[in-house]
Amino acid sequence: MDPILDPLNDAQRAAVLHGDGPLLVLAGAGSGKTRVIVHRVAHLVRVRGIAPWHVLCVTFTNKAAGEMKERLVELLGPEAEQAWVSTFHAFGARFLRREAQAAGLSPSFPIYDDGDQLGLVKRLLAEAHVDALTPREVLSRIDRWKNAGLSPGEVRAGDRDPSGQAALELWRRYERALGRAGAVDFGDLLMRPLKLLELDEAVRARWSGRFRHVLVDEFQDTSPAQYRLVRHLAGGRGNVCVVGDDDQAIYRWRGADVANILDFDRDFPGTTVVKLEQNYRSSRQILDAAHAVIEKAARRREKRLWTAREGGAPLQLLVSEDEHQEGERIARAVQAAHRGGVAWEEIAVLYRVNAQSRALEAALRAARVPYVIVRGQSFYERAEVKDAAAYLRLALEPRSDLDLLRVVNRPSRKIGERTVALLQERAAAAGLSLFESLAGLESAAELKPQARKALAGFRDLVAGLHARVGALAAGEAVRAVLDGTGLIDKLRLEGTDESVERAENLLELLAAAREFDEAQGRAPPAADPEEPVPPPISRFLEQIALLGEADGPTPEGRVALMTLHAAKGLEFDAVILAGMEEGTLPHQRPWHDDAPAERAAALDEERRLCYVGMTRARHQLSLSLARRRMSYGEGGPTFRSTEPSRFLGDLPQELFGLPPRGAPPAPRGPVIRRPPGALPGDPHVELDDAPPEEAGPAERSIDWSFDQTEGGGAFARGARVRHAQFGEGLVRGSDGPGGDAKVTVAFFSVGEKRVLARFLRPA
Ligand code: ATP
Ligand code: MG
């Protein structure tokens with residue numbers, strides 16, 4: 001048995017065996033694109049004798065990179081650790097540390113994350129007395145420019161675009177501030193390597209021949225800057241293998257450009273194209289549903305996947321009154337799947353925007369469903385953790401003004417705003433960093449002796465840490481900061497529940513750093529003697545800074561809650577898509593007031609996002625919507641009625657186990673048989689055991705129109721009722737009086753049914 005080639009189909013094998021030269025694998029979701037990348041790397045190393053450190057593999061999230069490495073280790077053994085497998089940003093950081101000298105940086109430069117960037121822009125806006133722009137607006141312009149691979153000199157803001165000019169000016173200041181601090185931001189992790197490769201011949205010479213093979217997963221979402229980077233790194237050899245799916249392009253707003261896929265052929269003449277058409281992930285129902293949604297995209301290349309997996313459970317529709325009820329229904333659907341034998345970690349609840357997670361979380365907690373919100377940064381976004389990280393960065397790079405401003409008075413050492421303002425003035429006048437200007441201020445006549453002493457104490461602290469941390473293990477460095485700064489002691493003294501929790505968070509940071517050290521100890525030594533080894537604490541901080549949205553830990557035994565964007569590339573046995581409503585999915589904001597062409601493009605992107613979400617599911621896909629949703633406008637929260645998502649309307653009803661729209665009513669009797677391959681626990685399956693007169697009625701089509709609730713009576717239209725067998729639902733109508741009345745109820749888990757009133761209780 002050949003572990004590299006045997007588990008592949010013919011098309012996949014052709015891609016893995018492809019010799020030198022450019023290769024494009026263009027294929028739909030779940031067709032084994034990522035598998036091709038992994039097996040191709042294994043083949044290059046094991047059979048073609050390429051050294052693993054001559055192979056570069058880029059993916060979209062740290063989590064994906066981690067999984068890829070794991071699978072490679074399974075195929076190749078520990079040798080696989082030496083391949084360069086990472087995200088673009090992590091690659092950029094590694095590149096820059098290596099080329100620190102050429103880049104004019106110290107090898108342990110700090111990386112400013114989104115929150116840091118925002119803080120910096122805020123300060124610059126205040127300094128420049130600009131109030132026509134919000135910090136977010138400025139930052140998103142800067143990001144967009146950087147993603148397009150531009151630098152300030154290359155951007156022209158027209159005379160008629162004063163806010164563009166202001167943003168451009170702020171960008172210049174922003175870059176100067178980064179330069180003074182010796183820091184880089186996220187965009188720089190791509191831009192600076194790119195500029196070095198383009199402008200510095202020595203750097204180019206070092207890198208263009210370095211990777212014998214470059215492989216890129218999720219190629220449809222690479223930005224122009226990332227694409228240029230790939231082209232440089234591939235050098236003249238052209239051994240580039242990219243895999244992607246144009247139907248899954250969901251990062252247009254971040255500057256990704258599907259044109260990369262379409263133009264690949266032009267940039268790399270003689271490209272071999274491989275198409276994969278068999279889906280190994282999802283049941284037929286799920287694939288059909290996903291296809292029904294994506295085929296309506298205005299612009300796409302037609303492709304259709306097939307699966308050998310016949311049957312499968314029908315799709316499930318969960319209809320709720322509002323987002324709280326939606327949370328409850330979803331919690332119940334999750335429990336049902338779990339009872340049916342699906343492990344918690346094989347269940348995912350996906351949503352369009354983070355704000356949706358609140359109601360879901362509350363409901364899951366109430367139902368005692370173990371869950372985790374997959375959003376890596378939340379721990380590291382906590383104020384006290386950021387304080388400690390700022391001290392660590394400052395210790396490595398005392399010129400990092402942003403960090404100094406954050407911690408100069410944390411914990412309080414009585415350095416007031418006036419003192420800080422004076423420090424900033426002096427530094428600006430002398431063109432120095434704040435740290436460098438501290439010494440001068442310690443004799444400043446304007447300051448009281450107490451302030452001067454406090455500044456001197458702070459300077460000693462930072463200087464002392466600076467002298468030490470580079471040589472320490474990450475855990476020791478964190479310990480040194482916690483001890484030296486008194487951060488923990490202060491919190492302990494406060495003695496409130498909250499401060500105790502925050503102290504615990506700092507200890508958690510310490511634990512994370514120690515774990516990092518242990519993992520480093522286990523890793524084989526770098527095979528590449530040229531590789532500089534930055535201080536452990538610098539690498540630990542880098543790992544934190546690079547935690548992306550999709551990279552939170554997903555411990556076993558927990559249901560994963562995440563945005564659709566974060567779910568890319570992942571798979572689960574059961575998936576629930578929440579908020580299938582107009583305005584939520586498709587999300588409204590992106591095309592609120594744009595031109596029609598732009599609106600159509602944005603709508604297509606929402607469609608692809610829905611497609612990505614649906615194709616994460618292996619066996620069971622549930623779609624959930626609420627008739628009303630809280631929205632947060634200027635006048636505070638309000639409830640608004642919603643319309644079902646147009647994407648629901650694109651789905652054939654048969655996929656829900658119902659007769660086609662417009663078909664004659666189904667015969668009486670137990671209506672839905674256990675579909676072949678259905679998961680036990682699926683509510684449709686439970687119908688099998690329902691007594692005929694309850695399960696029987698004819699009217700089972702899903703009503704997309706969602707009439708408004710009308711008032712009065714326990715079984716009036718819109719009333720919420722409970723049925724022993726079918727659970728909760730909303731009354732649609734009734735005929736006849738009393739207990740013998742036949743009431744039509746839209747049950748949240750099984751769709752619409754007619755049942756006797758005496759079997760119903762108000763819910
Ligand atoms: P996505 O577009 O969502 O990123 P993908 O094309 O990268 O999907 P993979 O994640 O590589 O697809 O594969 C989907 C699933 O199918 C995985 O569970 C994988 O192990 C399995 N798979 C892929 N190829 C085969 C094969 N030839 N035989 C059996 N299973 C396979
Ligand atoms: Mg993949």
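Strand 2, helix 3 (residues 62-76) and strand 3 form a right-handed β-α-β unit; right-handed here means that, with the strands pointing away from the viewer, the path from the first strand over the helix to the second runs clockwise. Helices (H or I, at least four residues) and strands (E, at least two) are DSSP runs, numbered from the N terminus. Strand 2 (residues 55-59) and strand 3 (residues 84-87) run parallel and are joined by 4 bridges, two strands being paired if DSSP finds at least two bridges between them. Within this pairing, L56 stands opposite W84 of strand 3.

The model is predicted: local features need pLDDT of at least 70, side-chain atom pairs count only at pLDDT 80 or more, and totals for chains, interfaces and linings use all residues. Residues are numbered from 1 along each chain as its sequence is written, and side-chain values use heavy atoms, with hydrogens and water left out.

An open sheet of 5 strands has the order 20-19-18-17-21, with antiparallel pairing. Its edge strands, strand 20 (751-756) and strand 21 (760-762), each pair on one side only. Neighbouring strands of this sheet are turned by 45° against each other on average, direction ignored; axes are lines fitted to C-alpha atoms, for helices over the stretch in contact, and angles run from 0 to 180 degrees between N-to-C directions. Strand 17 (residues 720-723) is joined to strand 21 by 3 bridges in antiparallel fashion, and H723 has L760 as its bridge partner in strand 21. Helix 14 (residues 323-339) packs on the sheet, where it touches strand 17 and strand 18 (727-735), its direction making about 15° with that of strand 17. Contact denotes heavy atoms within 4.5 Å.

Helix 14 is also among the elements covering the buried residues of helix 15, together with strand 10 (347-351), strand 11 (371-373) and strand 12 (559-563). In helix 15 (residues 357-366), the buried residues include S357, L360 and L364, where buried means under 20% relative accessible area (1.4 Å probe, protein chains only). R368, with a positive phi near 55°, follows helix 15.

The largest nonpolar core has 54 residues, of which L404, F458, V478, L509, I537 and F540 touch the most other members. Such a core is a set of buried Ala, Val, Leu, Ile, Met, Phe, Trp, Tyr and Cys residues joined through side-chain atoms within 4.5 Å. Helix 16 (residues 383-396) supplies the largest share of this core, 9 residues. Beyond its neighbours within four places in sequence, F458 contacts residues including Y391, L394, L404 and R413. Another core, of 48 residues, lies apart from the largest one, and Y251, I294, L570 and A617 are among its members.

How values were computed
Chains lettered and ligands numbered in written order. Buried < 20%, exposed > 50% of the residue type's maximum accessible area, 1.4 Å probe, protein only.
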